[in-house]
Amino acid sequence: MDGLQRRFDEVRADRTELENHLIDELAAGRLTRRDFVRRGTVLGMSAAVLSFVAAACGKSTTNTNTGGSTGSVKKGGAMTVGIIAPSGAINPLTVADEGGLAVLGQAGEYLTWSDKDLKLSGVLAESWSPNADASVWTFKLRQNVTFNDGTSMKAADVVKTFQAHSDPNGKSNALSAFSGVLSPHGVQAVDDHTVAFHLDAPNGNFPYLVSSDNYNTIVLPASYDYAGKYEQKFAGTGPWKMTSFKTGSEVAYEKNPSYWQASAGFPVLNNLTLKFYDTEQPRILALQSKSLDVVSQFSASTGQQLLSNPSIKVLALRSSAHRQVHMRTDKEPFTDKLVRQAIALLIDRPGLVNGLFNGKAEAGNDSPFAAVFPSTDTSVPQRTQNVDQAKQLLAAAGKSGGFTVTLATWNGYEIPLLAQAIKAAVKQVGGTINLSITPPGTYYGDAVFGKSPWLDSTMGITDYGHRGVPNVFLGAPLTSKGTWNSAHFHNAQYDGLVKQYVAAVDLSSQRAVAKQIETLLLDETPIIFPYFYSHLTATQSNIANVEPTAMGHIRMLQAGFTS
Amino acid sequence: MARFLLRRFGLALLTLWLLATIVFLGAHVLPGDVGRRILGPFAAPGAVKALNHELGTDQPIPLQYWHWLSSAARGRLGESLSFRVPVSSLLGPALLNSLKLALVAFVLVVPLGVLGGVVAGLADGRPLDRLVTVGGLSATVVPEFVWSIVVILVFAVKLRLLPVTAQAPLGSGPLTQFHYLILPAFPLVFVLFGYIARITRAGMIEALEADYTRTAVLKGISRRAVIARHVLRNGLLPTIAVVATQTGYLIGGLVVIELIFNYQGIGQLVYLSAQKKDFPLLQGTVLVIGIVYLTVTLLADITYSLLNPRIRYGSAE
């Protein structure tokens, strides 16, 4: 015991102030082991240190598999994965959809990887750490990594990559994530294998912005021409080398012989093909007929037959993907928060979770804090359906005689069904909701105020994909100057809390602010967050180690056949 | 005939120009800009602006129209805005795919439909006639996506006799490609059989009741010879027009079938380009479909005139 204590003290002596604070939180029981590991990875603590500290504090670090199938697999073989068709050219700057990012992540790699449990692990970065106020993050790069054109990966490549994505005059899709966080001049090479990110403002979750979560940011050679065509060579450091690409149809790969993990036996398969599908039903049928080995993503509503098929493995990952039902706080009948609260109280969340997702979702509590985020304060009471209370609130707001409002949204996924459910719920209290369900292009319009039903409608439903941290959800859709603020919510107290949350580095501080935000949003209810749904992936039963993420990546590094 | 063909060619060019112009204007009326469609609703406005500038979609609409028209007149259809490859490199393989699927469907449904119509016409009012007309009509009214799902579930998922997709692996030979195209051709046969059979049947009945048929019978010509020489030749004329129209549909209108069978044909390309506001690609695909329609209509007119001595377009001039 003395030996263990001595070793523990030695480890603590090498830790930063932030890391020691995290260890204190674990030791005091204010953090679960899972939250400790997740937060520790963000701060750049290695798996060995996390494991040792958790053991020393009496916590086991056994794997917490959330449904992914793992097991020993045979070396070699070829696999075909059905993915959503990329919506356009495969260009690291402009990819903005799940199909495109699934392709990017095969030949390309990120500094860090955000896994299915939202833990960060190093890929091209070996380690990383923040300064005291998290305004500078320093990343040590892995050595002996080569691009698939044979050149070595160095700090200059990383600098060029992130300068391209943070250029305010550029066309990168990642610009919205870097806006106000990172500017091109802030990315600096310290030496050949060290890069420092000097941020525009402190950010405790910055490592997620250089992870697979910010899917455009695969590291490319400094010589890469960002105005050129990525599809010609599929540059990158990843485990797969492109052998053929047919626009709109498929991309085929062979294992990259010079991959930095090749000596460890990765990737396991020899060949990989990603087949593109424009709609969901055909790829589900293709999996059932065994034409596909893996389907990267499917919805519970369309893929119900997969959920009950014994010859298919389903991997369900909890996620922060959700729908937002906005109510314009500056327009009748929603100017009174009592009306907004009443609408939220009419929603039968467990009914929606079961009816729309076969239980593969979690009820939301009208804030972006999904249960999957470690910073979410779960002690805040869950809002549940209460029709009587809703009636009382409407009476207090002078709306007991009913009201009429138009709900705008788009025709995709389960969204029209959610719209119908809200319409039916509001009818219970004499309210009338007229639905305006249009194609997505019409609903989003030009995506700026005054030219978009999404941002201009009195009430609407918008789809938001998964993020590893809630920062984006907290900012643009809810802050006073937020560019996606469809509820037109203006609250100085909220804006201040978000700034505090973003700057907070340790988990207990984040959780303390999160509680205040959750409470404030429950009271104000500018947006209803009815549920957060799981990311579903399906494979044939003789396949293991496929590694999807709720973001839409499908990592095939260790995937193989069991028989 | 030469003057007739020349005039039809001139009209075809005018039709294609009108078609492309209407599509161009129609597509620009739709809300949302191209950069926003590519980068998605959550991209930064600055990034959208930069991309639109790079693509040239921030230029005035008349200027964009002129650029496209002057390039198209020189045989250049431009570059796809979303896929960033020449439109012709997408159109060529897609047209070939659509032609292959149309050919397989055509080979299956035209003989079956004509045979069904002839048999029903000859058995007018009898149970066999009812079977063909009612059965064919029932098959026609079931939407093609329903037929598609049904045949996939039966022949690909349950029986595993045929592949679930229409797209054969790269480098496949003709027999393998045919194997992959059988299943998507089934729904087309179901949907078109009733239509072709009904038109053929109506033409047959009309021809059977015509004076020239009665005269041929009274002259003592055998029933088989009367049907072959007089009834079929006249009774099939309306069928030719219908088949010509359906050929255009088979090549350019199979959006749903191509999506369900994950087949990269012209129909799927039209759908995707319209969805993405990819104007050069949309106009290119619409032009190709227009050319296909005009060509098959012209061929039908020529065939019609050859089969029917009373119609001689050239001599009418």
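Reply: Two packed helices are described by the angle between their axes and the distance between the axes. The model is a predicted one, and the pair to look at in it is helix H5 of chain B, residues 87–122, with helix H6 of chain B, residues 127–141. Their axes come within 7 Å and cross at roughly 140 degrees, and H5(B) and H6(B) are therefore oblique to each other. As to the hand of the crossing, H5(B) passes H6(B) in a left-handed one.

The residues that meet can be named on both sides: H5(B) brings Gly116(B), Val119(B) and Ala120(B), while H6(B) brings Leu128(B), Asp129(B), Val132(B), Thr133(B) and Gly136(B). Sorted by class, the residues of this contact are four nonpolar, three polar and one charged.

Another helix of chain B, H9, covers residues 211–218, and of its eight residues the number buried is zero, so H9(B) lies largely in the open. Just after H9(B) comes Gly220(B), which takes a positive phi of about 90 degrees.

Turning to the partner chain, 41 residues of chain B are in contact with 39 residues of chain A. On the side of chain B that touches chain A, the elements giving two or more residues are helices H2 (34–39), H3 (45–55), H7 (144–158), H12 (255–260) and H13 (266–276) of chain B. The largest share of that side, six residues, comes from H3(B), and by class the side has 25 nonpolar, nine polar and seven charged residues.

Chain A itself holds 19 helices and 24 strands. Its C-alpha atoms fill a box of roughly 70 × 60 × 50 Å, taken along the principal axes. A compact globule with 563 residues would have a radius of gyration near 24 Å, and chain A has 24 Å, which agrees. Of those 563 residues of chain A, 53% count as buried. Among the contacts in chain A with a separation of 6 or more, 69% are accounted for by residues 24 or more positions apart.

Key. Residues numbered from 1 in each chain as written. Chains lettered and ligands numbered in written order. Predicted model: local features only at pLDDT ≥ 70, side-chain atom pairs only at ≥ 80, totals over all residues. Axes fitted to C-alpha atoms, helices over the stretch in contact; angles between N-to-C directions. Helix = DSSP H or I, 4+ residues; strand = E, 2+ residues; numbered from the N terminus. Parallel < 35°, antiparallel > 145°, perpendicular 65-115°, else oblique. Left-handed = near helix turned anticlockwise from the far one by under 90°. Contact = placed C-beta atoms within 7 Å. Nonpolar A, V, L, I, M, F, W, Y, C, P; charged D, E, K, R; others polar. Rg over C-alpha atoms; globule rule 2.2 N^0.38 Å. Buried ≥ 20, exposed ≤ 12 C-beta atoms within 10 Å, placed from the backbone.
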